[in-house]
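I opened a notebook page for this chain. My plan is to go from the overall fold to single side chains.

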Amino acid sequence: MSACISRRVKGSSDHNVRSISAVVLGELGPVASQAVPELIQFLKDGNQEARMSAALSLMRIGPAAEEALEQCLKNEDKEVQFWAAWALVMNNPTKLHALPILQEGWNNSNDKYKHLAAAEALFKAMNRKIDELKE
């Protein structure tokens with residue numbers, strides 16, 4: 001099933017169809033790990049909703065997406081970097097090297113969704129660090 005949806009994500013030029021397909025893949029979680037390459041390409045899409053959908057799905061897929069997301073942190077496109085950093089930290093709040101990208105997104109964007117996403121991931125990472133200090 002994930003292969004069929006993955007082909008739909010890859011093959012459609014309609015941003016709405018691609019966004020919905022990406023969200024469905026995310027709902028499948030780790031089972032959809034074979035779709036990571038297509039979702040990474042979708043993360044590079046110029047449409048903000050498409051990028052958010054891909055990031056959410058990659059986060060839900062979990063550890064199978066981490067290596068690909070790490071590579072996206074080096075992408076020249078700041079939007080790709082931001083959403084990859086968000087997915088990484090939301091999946092694994094110990095990925096502190098991604099925090100400067102989130103902070104830059106917070107500081108240099110007027111997009112309310114990016115502000116909320118950055119705040120969410122930064123809060124999650126801070127909570128994790130506080131929990132570690134308590135131990």
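This is a predicted model: local features need pLDDT of at least 70, side-chain atom pairs count only at pLDDT 80 or more; totals for chains, interfaces and linings use all residues.

**Ground rules.** I call a residue buried under 20% relative accessible area, exposed over 50% and partly exposed in between, with a 1.4 Å probe and protein chains only. Residues are numbered from 1 along each chain as its sequence is written, and side-chain values use heavy atoms, with hydrogens and water left out.

**Overall fold.** I took helices (H or I, at least four residues) and strands (E, at least two) as DSSP runs, numbered from the N terminus. I found eight helices and zero strands. I then looked at contacts, meaning heavy atoms within 4.5 Å. Among those with a separation of 6 or more, 59% join residues 24 or more positions apart.

I checked how covered helix 3 is: six of its eight residues are buried. They are V36, E38, L39, I40, F42 and L43. Next I looked at its packing on helix 4. For axes I used lines fitted to C-alpha atoms, for helices over the stretch in contact, with angles from 0 to 180 degrees between N-to-C directions. The axes of helix 3 and helix 4 are 8 Å apart, at an angle of about 150°. Helix 3 brings V36, L39, I40, F42 and L43 to this contact, and helix 4 brings A50, R51, A54, A55, S57, L58 and I61.

**Helix 7.** Which residues of helix 7 are buried? I listed L99, I101, L102 and G105. They lie on the same side of helix 7, because they cover an arc of only 160° around the axis. That arc is taken over the directions from the helix axis to the C-beta atoms. On the other side of helix 7, I noted P100 and N107 as exposed. The cover over the buried residues of helix 7 includes helix 6 (78-91) and helix 8 (112-134).

**Helix 8.** I compared its span with the expected one, 1.5 Å times one less than the number of residues. With 23 residues, helix 8 reaches 33 Å from first C-alpha to last, close to the expected 33 Å. Its buried residues are K114, A117, A118, A121 and A125. Helix 4, helix 6 and helix 7 are among the elements that cover them.

**Helix 7 against helix 8.** Their axes come within 9 Å and cross at roughly 145°. From helix 7, the contact uses L99, L102, G105 and W106; from helix 8, K114, H115, A118, A119, A121, L122 and A125.

**K95.** I found K95 in the loop between helix 6 and helix 7. Buried or exposed? K95 counts as buried because its relative accessibility is 17%. I then searched for polar contacts: pairs of N or O atoms within 3.5 Å, where within protein one must be able to donate a hydrogen and the other to accept it, and residues adjacent in sequence count only if both atoms are side-chain atoms. The K95 side chain makes one with the side chain of E66, at 3.4 Å. Another, of 3.2 Å, joins the side chains of K95 and E70. Neighbours within four places in sequence aside, K95 is in contact with E66, E70, L88 and V89.
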